[in-house]
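Morning, everyone. I have one structure to show you today, and I will keep it brief. Let me put it on the screen.

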Amino acid sequence: MQKVKFYSGKEIPLELHKVRVVQKLHLRPIERRLDALKEAGFNTFRLSTLDVFLDMLTDSGTNAMSDNQVAAMFQADDAYAGSQSFIKLQAAVEDVLGKKYLLPVHQGRAAENIIGRTYIKKGSVVPMNYHFTTTLAHILENGGSIVELLYPDALKLQSDNPFKGNINIEKLEECLIEHGENVPFIRMEASTNLIGGQPFSMKNLMDVRVIADKYNKMLVLDASLIGENAYLIKQREEQWKENSMGDILKAMTGLADLVYFSARKLSSSRGGGICTNQKSIYNKMEALIPLYEGFLTYGGISVREIEAMAVGLRETLDESMISQSPNFIKHFVDRLDNLGIPVVTPAGVLGCHVDAMQFCDHIPQNEYPAGALAAAFYLISGVRGMERGTVSSVRDENGVELMADVELVRLAIPRRVFTLSQIEYAIDRLTWLYENRNLIGGLRFTYEPPVLRFFMGGLEPTSDWPSKLLYKFRQDFGDSL
Ligand code: F0G
């Protein structure tokens, strides 16, 4: 895709779409936002969208759909079995991901449930570049454990390494030798979500394939964020510069035995899928779909969404669509970085990731700096981000809390949702918060669910810091919203 150059020389991401349906937003006064935070147990997952101005919680199910996706939803073939909508989806999966056999599931973690039940047993060890929360939960649930094998650079939040999502090939081989038969598969996650949406390179995935063949292991690819990973391969990996998105995507999925995805991300719809070219893999999981999801031609997904999924999958081949979110994120990250605000670099996919450990270096990790920063940022801006740190971590079998490797606040940029002035607003408020960061204090749990605690958990501030922050905001901004 050719880049549009501005005469001024400025690098500004330019939207190659127009807005035709809009939704009104609510920017409530800071006093209301403090009450909303208290009601939500200082957990941004529990906020009502009526209290949220810019919803940067996630891109999951919140990407803007295209006109063609919405139109396709009206042609859906409602049928319990043999729906034509599913046939269209199968064709799209084969064309875009190069896999013949497709098992539909209602979302990404449902795929993880099916894969986990099929391949994980007590004592299983799954090597991977990095875990995602729901992936880890399903592996643990089935009695397995994980080994994360990154290069040291990956957890260095400020870096110029273009492929921090690469798996450490030498360590992978050592791991396979050490755990032998207990390894059911190797898992690679495209655009490693939890370390800041960082891609892996094609070269790395090719190296993994060699190792997988050498040790006769299955390679499983989590393709939820594969579109943007493929786009960054095209941008950052010399050998792939001239290839189309289609070539790159197929080369990636062609290296994996089993590919699964959350369609809430990949195809800007809802739903998910597991696909493969090996009938034996398909057969192993087939019976679980009607048991946990729905019949094999809908898998718990509405047929309308299946139509949207099929169109959305094909649209991932369109560079002007797939580049939009990474280009906005790059703008967001570069601006904050230039202002001296600690963010994960280089810019990845999914969102801008603020380094809470540095931002709030006065808050000890057991008082959840990322949780506190997410709450504080919502309070002073109405922008909802997501904690990706120790609140999102787990306890070990002795109940000891495992401190997260990184404490991040993720400000997600769903595809084609926000305008540049909205991003500028977020940058402005974050700059103010950085100047006033010493007013932010810690959090502690008041309600801690045993599994995936970050979703529904409740917390409270360790002091009256939120009121102090509110007071300072009023001093500086007067009666501004
Ligand atoms: N794998 C990855 C890499 C993901 O990012 C997600 C979801 C899943 C699997 C699970 O998919 O939500 O459809 O069940 N990520 C969302 C997020 C929740 O906000 O990053 P799901």
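L14 sits in the segment that comes before α1, the helix at 30–39. Keep in mind that this is a predicted model. Together with V4, F6 and L16, L14 makes a nonpolar surface patch of about 350 Å².

Now to the sheet. Three strands form an open sheet, in the order β8-β10-β9, and the pairing is antiparallel. At the edges are β8, residues 351–355, and β9, residues 386–388, each pairing on one side only. On average, neighbouring strands here are turned by 30° against each other, direction ignored.

Take the pairings one by one. β8 and β10 run antiparallel, joined by five bridges. Within β10, R410 is the residue opposite H353. On the other pairing, β9 meets β10, residues 408–412, in the antiparallel sense over three bridges. There, E387 has V409 of β10 as its bridge partner. R388 is bridged to L408, also in β10.

So how covered is β10? Mostly: five of its five residues are buried. L408, R410 and A412 point one way from the strand. V409 and L411 point the other way, and these are buried too.

Last, a helix. α15, residues 324–338, lies across β8 and β10. Against β8, α15 runs at about 25°.

That is my tour. Questions, please.

Note on methods. Residues are numbered from 1 along each chain as its sequence is written. This is a predicted model: local features need pLDDT of at least 70, side-chain atom pairs count only at pLDDT 80 or more; totals for chains, interfaces and linings use all residues. Side-chain values use heavy atoms; hydrogens and water are left out. Patches are made of residues with over 30% relative accessible area and no salt bridge: like charges are joined within 9 Å, nonpolar side chains (Val, Leu, Ile, Met, Phe, Trp, Tyr) within 5 Å. Accessible areas come from the Shrake-Rupley method with a 1.4 Å probe; for residues, only the protein chains shown count as cover. A salt bridge is a side-chain nitrogen of Lys or Arg within 4 Å of a carboxyl oxygen of Asp or Glu. Helices (H or I, at least four residues) and strands (E, at least two) are DSSP runs, numbered from the N terminus. Two strands pair if DSSP finds at least two bridges between them. Axes are lines fitted to C-alpha atoms, for helices over the stretch in contact, and angles run from 0 to 180 degrees between N-to-C directions. Contact means heavy atoms within 4.5 Å. Buried means under 20% relative accessible area, exposed over 50%, partly exposed in between (1.4 Å probe, protein chains only).
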